Amino acid sequence: MDRITELSGKIEELVESYFHEPELRRLAKEFIAYKATESGVFGKLASLHCEMFGGSARQAEYAAAAAETMILALDIYDDLQDLDNDAVPWSQVPAALSLNVAIALQALSIEAVCRGAEGDDGRAMLAMRLLNHGILKAVNGQHTDLRNEWATEEECLQMIADKSGALVAAVCLAGTALATGKYNESVAAYGQALGVAAQLRNDIAGVERWDKRNDLLYRKRTLPLFYVLEEPGEKADMLRAYYDGALSRDDVLLHKQELMEFVQECGCIEYAQVHARIKEYEIEKVLAQMELEEHWKEQIRQYM
Amino acid sequence: MIKKMVAQLKQSPELLNLVLQNRVSLVGISAVEQRALVDVLKSETLSEKKVSNNYWLSY
């Protein structure tokens, strides 16, 4: 059975064990199935770290299940907060129900950790704390994001570190802890950098893809768009007016070709790429100092 | 400073070429930042930039 099937099996097993209310169970399975169509990178990282440090395949699957259910819960909360994602199934049912499923999934994540610890309470406790610390950091970044509070490059990068950096580090650390029973400083360091680099690359894609999920059309504030909105000139003026609400989406779409070219050419993409690359150097520096077989390092590099 | 540097280089192809040839040191950014900047700009000049606009135009 392949790893994806095993992961789904572990999550299904947990859902069957704990979600007795039929509609809760049905919705949870629907949301999980939808999430499974995405990359599953958090689960893969958790599982990789568990295996890398000597955990069994079964432990690695539970590590992945813990990461994926936790991240799914956070994704649901995020979409309920932002109200900017109609495509997902949790936006198509009453928010109260989606919220309840998210709460249930977050709790299920803890149970997955317990099962992955295979009776070792110390490992379970540590892995749970590390996942929890990730959420505790991420909520701070999320609050900054929700309030649109950041105004400088440094503040933006701090917010990304608090959110994406902390969550990626958390799943790597939890997987590691299930295998070793220990906190690993190097994993924390490169996990954090990996999360920031990944978010920056996601934000670059958000201005490069010219479809409904374009971040600019949704008036999102990301590092590349921070650059765009500080540019001089007519096209940037138009985008500032759009962000201020003085122009509508249709007004912007009338000039879509020229605006699209402006965003591509102004330097915002290179700007975010430079910051992502700096994080990638940090990852390489940490990896170089770790006593880890090269094939494991190569697997971590796949996420850069 | 990275932001200002990128903006300057986008405006000045001559300066960009000097930077890509490592013939100039940029003031106000660290060595790591300059290395990252050169890496990014070099990989950009080597690849074709393609603006995909199918989804955008059909929006």
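Me: Why are helix α1 (residues 2-11) and helix α2 (residues 13-20) of chain B called roughly perpendicular to each other?
Reply: In this predicted model, their axes come within 5 Å and cross at roughly 115 degrees. Angles of 65 to 115 degrees count as roughly perpendicular. Therefore α1(B) and α2(B) take that label. Axes are lines fitted to C-alpha atoms, for helices over the stretch in contact, with angles from 0 to 180 degrees between N-to-C directions. Helices are DSSP runs (H or I, at least four residues), numbered from the N terminus.

Me: What makes the contact of α1(B) with α2(B)?
Reply: B:Gln8, B:Leu9 and B:Gln11 of α1(B), with B:Pro13, B:Leu15, B:Leu16 and B:Val19 of α2(B). Contact means heavy atoms within 4.5 Å. These residues divide into five nonpolar, two polar and no charged. Ala, Val, Leu, Ile, Met, Phe, Trp, Tyr, Cys and Pro count as nonpolar; Asp, Glu, Lys and Arg as charged; the others, Gly among them, as polar.

Me: What makes a space count as a cavity here?
Reply: A cavity is a set of points, on a 1 Å grid over the protein atoms alone, where a 1.4 Å probe fits but cannot get out. The whole structure has one of 30 Å³ or more. The largest cavity holds about 40 Å³, taken as the space filled by probe spheres set on the points.

Me: Which residues line the largest cavity?
Reply: Lining residues have an atom within 4 Å of a point. Among them are A:Ala46, A:Val113 and A:Leu131. α7(A) gives the largest share, four residues. The lining divides into nine nonpolar, one polar and no charged.

Me: What conventions apply?
Reply: Residues are numbered from 1 along each chain as its sequence is written, and chains are lettered from A and ligands numbered from 1 in the order written. Local features need pLDDT of at least 70 and side-chain atom pairs 80 or more, while totals for chains, interfaces and linings use all residues; side-chain values use heavy atoms, without hydrogens and water.

Technical notes:
Helices (H or I, at least four residues) and strands (E, at least two) are DSSP runs, numbered from the N terminus. Angles under 35 degrees count as roughly parallel, over 145 as roughly antiparallel, 65 to 115 as roughly perpendicular and the rest as oblique. On a 1 Å grid over the protein atoms alone, a cavity is a set of points where a 1.4 Å probe fits but cannot get out, and a pocket is an open set with protein on both sides within 12 Å along at least five of seven lines; lining residues have an atom within 4 Å of a point.
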